[in-house]
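Hi everyone, thanks for coming. Have a look at the model on the screen, and I'll walk you through it.

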Amino acid sequence: MQNLTRRAFAAASFALMCAALPVSAQETVRIRGTIERVEGPIFVVKNRDGAEVKLTVTDNPLFVAIAAPA
């Protein structure tokens, strides 16, 4: 009986770990640059190095901007 309980616990733990892996794959990325153009949900940003980065935003994005005083 104890062996069956251990196997059930191990199987449940493995299932939870497999379900949690895709969630942990999301990460926060900070980009500093200028928005060149907007194509629907895709922002094309030119970063400080001059490279273009395509950024796909979610339905409710959070934008933070810092501007020099005029």
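Start with T34, which stands opposite K46 in strand β2. A strand here is a DSSP run of E with at least two residues, a helix is a run of H or I with at least four residues, and both are numbered from the N terminus.

Before I go on, a word about what you're looking at: this is a predicted model, where local features need pLDDT of at least 70, side-chain atom pairs count only at pLDDT 80 or more, and totals for chains, interfaces and linings use all residues. Residues are numbered from 1 along each chain as its sequence is written, and side-chain values use heavy atoms, with hydrogens and water left out.

Okay, back to those strands. β1 and β2, which covers residues 42-47, pair in the antiparallel sense over 6 bridges. Pairing means that DSSP finds at least two bridges between two strands. The β1-β2 hairpin has 2 residues between its strands, and G40 takes a positive phi near 70° there.

Now zoom out. How many strands form the open sheet, and in what order? There are 3, in the order β1-β2-β3, and the pairing is antiparallel. The edge strands are β1 (33-39) and β3, each pairing on one side only. From one strand to the next, the twist averages 30°; that angle is taken between N-to-C directions, from 0 to 180 degrees, with axes being lines fitted to C-alpha atoms, for helices over the stretch in contact.

The whole protein chain has 1 helix and 3 strands, running α-β-β-β from the N terminus on.

Let's pick out two residues. First up, R37, which is in strand β1. Is R37 buried, or partly exposed? Its relative accessible area is 36%, so R37 counts as partly exposed. The cut-offs are under 20% for buried and over 50% for exposed, with partly exposed in between (1.4 Å probe, protein chains only). Not counting residues up to four places away in sequence, R37 touches I42, F43, V44 and E52, where contact means heavy atoms within 4.5 Å. R37 and K54 are 17 residues apart along the chain, and their C-alpha atoms are separated by 9.8 Å.

Next, L55, over in strand β3 (residues 52-56). L55 is partly exposed because its relative accessibility is 31%. Leaving aside neighbours within four places in sequence, L55 is in contact with I31, P41, I42 and F43. From L55 to V44 it's 11 residues in sequence and 6.3 Å in space, C-alpha to C-alpha.

Across the protein chain, buried residues make up 6% of the 70 residues. As for contacts between residues at least 6 apart in sequence, 2% of them join residues at least 24 apart.

Last thing: how far does the predictor trust each part? The number for that is pLDDT, its confidence in each residue, from 0 to 100. The chain's mean pLDDT is 76, and 73% of its residues reach 70 or more. Which element has the lowest confidence, and which the highest? Helix α1 (residues 2-24) is lowest, at a mean of 65, and β2 is highest, at 90.

That's me done, so over to you!

Terms used. pLDDT = per-residue confidence, 0-100.
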